[in-house]
Amino acid sequence: TTRGMIDQLVFEELTDGICITDAGGSPLYLNSAAGRMLERGSGESRQTICEQLCGRFVSGNADYPAACPLREPGSPQKAATNMGRCGGKDLRVRCVRLATALFDSWEIEKRFTIIEDATAEMATERVKEDWRNMIAHDLANPLTTIYGALKVLEELPVGHPLEAPEISLIQICTRTSQRMNQTLELFLQVARLESGLMPTRPENIPLGPLIRECLEEQSITTAAKSIQIELILPDHIKVRADRNLLVRVLQNLMSNAIKFTPEKGRITVTVAADSGGGAVSVGIRDSGPGISRDDLPFMFDRFHQVRGQGDKKIKGNGLGLAFCRQAMMAMGGEISVESALRLGTE
């Protein structure tokens, strides 16, 4: 009928899946989006929507579809919502009991089901959860240290002169507070860079002295691990960049390289300019364990942490490389990673 044709034309334009079923869940109509989400084949034509959706969820409420209140005879509930993962996507299913002749069908009671692709939403929620976990770990532990040190100092007798142990406790509080502040400041800077609110001050910078300065600041750590540094650096190369941001990017990448390089390993820093003089590349390569293919696409995402041997995450807050990417973009540059297991990372 004309009414049914109009309904279907409207539903076909939607990106959400739309299903109309009878009271038992047998499909009367599915728009194209629903068909794609359900990956519906001819062999599934006799399955109810409940079986094709909630019955295939690999996460979410394990009692569905049997526990769906709309399936209970005589239930006064008019709507139900369920969420789970199906076919590699996170889906939200909203079902409504309708007492209407939708599509001019002779059946009075029907189910109207909306299927929403919530994959992006759930990915955002997972990022937020990672942030909450980072707060709990990277801030709660230092706060415990600070509290314990201050408690000891608080219990000293009035007029007690500060001796070496007490001075050491104050120094611990200072260092720990500074580390907490740096973590929070890094997060805020990443957020400002992403939103374009952090100003950059480009200038012409001689690259050689800058790289040597960064390496010198890391020399104590490299010496402690007996790491050999190889520097391949042509003379008189300059770049136009924000000095502060560029230094922090280089320091972060060098620090990562040192962290992952084993004792008596090698780090190679290579600088090259293209023949046209338009771009300069800086490569920092370690001789560490490398990065798996599963991790590579997410290396510059906020809060992503590379897993080490035994599927254990390497200690860190997952913000350093995110900062590097945003800083390079703000300066008109690029950053990328190449790696393979047991072959190191550049």
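I number residues from 1 along each chain as its sequence is written, and side-chain values use heavy atoms, with hydrogens and water left out. Because the model is predicted, local features need pLDDT of at least 70 and side-chain atom pairs count only at pLDDT 80 or more, while totals for chains, interfaces and linings use all residues.

Entry on the sheet. I looked up the strand order and found an open sheet of three strands, E7-E9-E10, with mixed pairing; strands are DSSP runs of E with at least two residues, helices runs of H or I with at least four, numbered from the N terminus, and two strands pair if DSSP finds at least two bridges between them. E7 and strand E10 (280-285) are the edge strands, each pairing on one side only. E7 and strand E9 (residues 266-273) run parallel and are joined by five bridges, and I noted Thr268 in E9 as the bridge partner of Glu230.

Entry on backbone angles. I looked up His236 and found a positive phi of about 60°, although His236 is not a glycine. Most residues other than glycine have a negative phi. His236 sits in the loop between strand E7 (228-232) and strand E8 (238-242), and counts as exposed because its relative accessibility is 80%, where exposed means over 50%, buried under 20% and partly exposed in between (1.4 Å probe, protein chains only). Arg342, in the segment after helix H10 (320-330), also has a positive phi, near 70°, and counts as exposed at 72% relative accessibility.
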